[in-house]
Amino acid sequence: MEPIVTRGLTKRYGELAAVADLDLNVRAGEVYGFLGPNGAGKTTTLRMLLGLIRPTAGEIRLYGRPPGELRDVGALIEGPAFYPYLSGRDNLRVMARHARVSDRRVDVVLDMVDLTGRSHDRYANYSLGMKQRLGVAAALLKDPRLLILDEPTNGLDPAGMADMRAMVRQLGADGRTVLISSHLLGEVEQICDRVGVLAHGCLVSEGTVSDLRGTADLRVVATPLDKAAAYARDLLGADAVSLADGGLRLTVAPERAAEINASLVSAGLRVSEVRMVERDLEQAFFELTGGESRVG
Amino acid sequence: MWGDFSAEMIKLLKRPANWLLLAVALLLALLFTYVIPYAGYKGGTGGPTAGRGLADVLPANLVGNSIGGLPVFLGAIMVILGVLSVGGEYGWNTWKTVLAQRPSRLSVYAGKIAVLMVAALTVVLAMFVTGLAASLVIASVENQSLALPSAKDLVVGVGAGWLLAGMWTSFGVLLAVLLRGVALALGLGLVWLLAVQNLLALLAAPLLDWIAQAQKGLPGPNAGSLAAALGSGSDTPGVDALVGGGQAAIVLTAYLLGFLIVGAVELRRRDIL
């Protein structure tokens with residue numbers, strides 16, 4: 001049974017479609033990255049999965065059931081939110097009672113996020129990193145099979161981000177399914193098995209990070225460059241050849257590097273560089289989302 | 001339900017603002033119901049409450065004295081309690097954290113209401129206990145009768161006080177749900193309770209008969225009528241026997257249930273943003 005399946009999921013605010021006809025499949029045991037520019041509809045989607053927002057249309061199935069008691073689901077949505085006058089431990093005790101789990105579980109999750117030593121401090125006195133970790137602890141209270149984390153590294157310093165990434169990786173390695181939205185492409189690249197890209201409320205791409213990047217290109221530096229370009233266009237077609245950074249960028253399978261090098265040399269061109277160039281994930285993202293520069 | 005009740009009880013008991021509210025409520029009740037009238041009696045300052053006499057602050061008047069503040073100033077404190085309890089969830093964005101644990105909104109709401117009603121009863125009982133202590137001290141010092149109201153009158157008084165406190169608390173809850181926060185809900189609730197009610201009673205009702213009639217259906221005048229029916233002094237702000245005690249109790253119960261039901265429907269219907 002797949003942890004998350006949505007079909008035709010739509011949320012409209014008047015004329016504005018925050019999420020439009022979204023079909024999402026998150027598989028058991030994977031870490032799924034949810035990417036999209038600010039306002040793309042990621043958080044709205046996650047809130048619909050949790051029943052906080054009612055969809056205008058479409059259906060949601062979590063482990064084959066409509067969102068209900070969320071027995072197997074833990075979540076941290078749009079940053080941690082707790083009662084500032086309570087300690088971290090008391091906040092988790094409150095959440096444990098809402099979740100119908102024993103107070104013993106509070107100690108377990110505090111230990112998992114390395115907050116035991118500061119658990120009696122008031123939440124208001126926590127650093128942002130500690131607040132985020134407390135948010136993850138609350139999400140883990142039910143020992144869920146599916147964890148939904150909305151930008152868990154937001155606002156963290158580099159060390160905090162590295163800790164959070166390691167934690168998410170560990171949670172994924174423990175067999176949990178993790179759906180994570182992130183504003184950092186590099187982060188998604190490091191920890192996610194598959195990625196879905198959302199733009200203007202629509203899923204514009206879904207696949208592995210390699211799928212998202214597409215095939216690698218070849219970079220060739222040869223002189224004279226104009227003759228090399230003309231020869232390459234005859235050989236590979238005009239669409240496969242472009243000028244970039246004082247050389248040629250050839251959209252061909254990297255395995256053809258030796259063949260292309262030999263052809264250029266036999267045509268009397270002097271070749272000084274032939275190498276594979278991987279497409280930057282950020283570039284792929286911008287292409288998919290229509291060039292929007294902010295990711296969120 | 002028990003889990004939600006227990007979670008809400010932790011929030012209520014560990015929130016310093018709630019204890020401050022209780023302390024302010026007791027201090028105000030003690031000051032305006034016993035200390036100032038007694039000081040007026042002893043010193044003859046000639047203030048507006050000086051003429052109430054010693055009899056008003058003796059144990060025999062415990063019921064009326066204990067619930068007399070609930071139509072206005074203690075009612076305002078109960079509105080604040082209701083607003084803080086529910087509005088805080090919006091202000092701190094904690095609805096999403098709570099509902100992500102187990103998103104039965106009505107179960108969480110029911111737990112919250114149950115705890116608030118326990119708090120309302122506790123405030124009323126604290127009023128009675130504080131009033132009992134104060135009146136016994138005064139009666140002892142003045143060599144007056146220590147006789148208390150009958151047990152039946154005490155039970156009815158506590159019940160009526162609980163109804164008044166619960167009604168105002170649920171009014172605060174409803175405002176917080178409708179306005180999804182603390183500040184505006186608190187402001188509008190207090191403006192209604194402390195200003196609009198008085199303006200209607202003192203300015204509008206004497207001029208327009210239909211407003212005078214409409215007053216008989218509003219929560220504040222019914223709260224004042226119930227308090228008056230149980231012996232609260234008519235010189236206490238908001239206490240006026242516009243309708244009978246029985247009718248007031250029915251109207252107030254209807255308001256209590258109405259506020260809670262509309263709050264539940266709205267909380268269930270709306271998105272948590």
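Helices (H or I, at least four residues) and strands (E, at least two) are taken as DSSP runs and numbered from the N terminus. The model is predicted: local features need pLDDT of at least 70, side-chain atom pairs count only at pLDDT 80 or more, and totals for chains, interfaces and linings use all residues. Residues are numbered from 1 along each chain as its sequence is written.

A cavity is a set of points, on a 1 Å grid over the protein atoms alone, where a 1.4 Å probe fits but cannot get out, and lining residues have an atom within 4 Å of a point. Grid points are joined across faces, edges and corners, and a volume is the space filled by probe spheres set on the points. Three cavities of 30 Å³ or more were counted.

The largest cavity has a volume of about 140 Å³. Its lining comprises 16 residues, with B:E8, B:K11, B:L12, B:S85 and B:K112 nearest the centre. In chain B, α1 (2-13), α4 (73-91) and α6 (105-141) each supply at least two lining residues, and α4(B) provides the largest share, five residues.

The second largest cavity holds about 70 Å³ of space. Residues of both chains line this cavity, among them A:F82, A:G135, B:K96 and B:T97. At least two lining residues each come from β5 (73-76) and α4 (128-140) of chain A and from α5 (94-101) of chain B; α5(B) gives the most, with three residues.

No disulfide (a pair of cysteine sulfur atoms within 2.5 Å) is present in any chain.

Methods:
Chains lettered and ligands numbered in written order. Heavy atoms only, no water. 1 Å grid on protein atoms, 1.4 Å probe; cavity = no way out; pocket = protein on both sides within 12 Å on 5 of 7 lines; lining within 4 Å.
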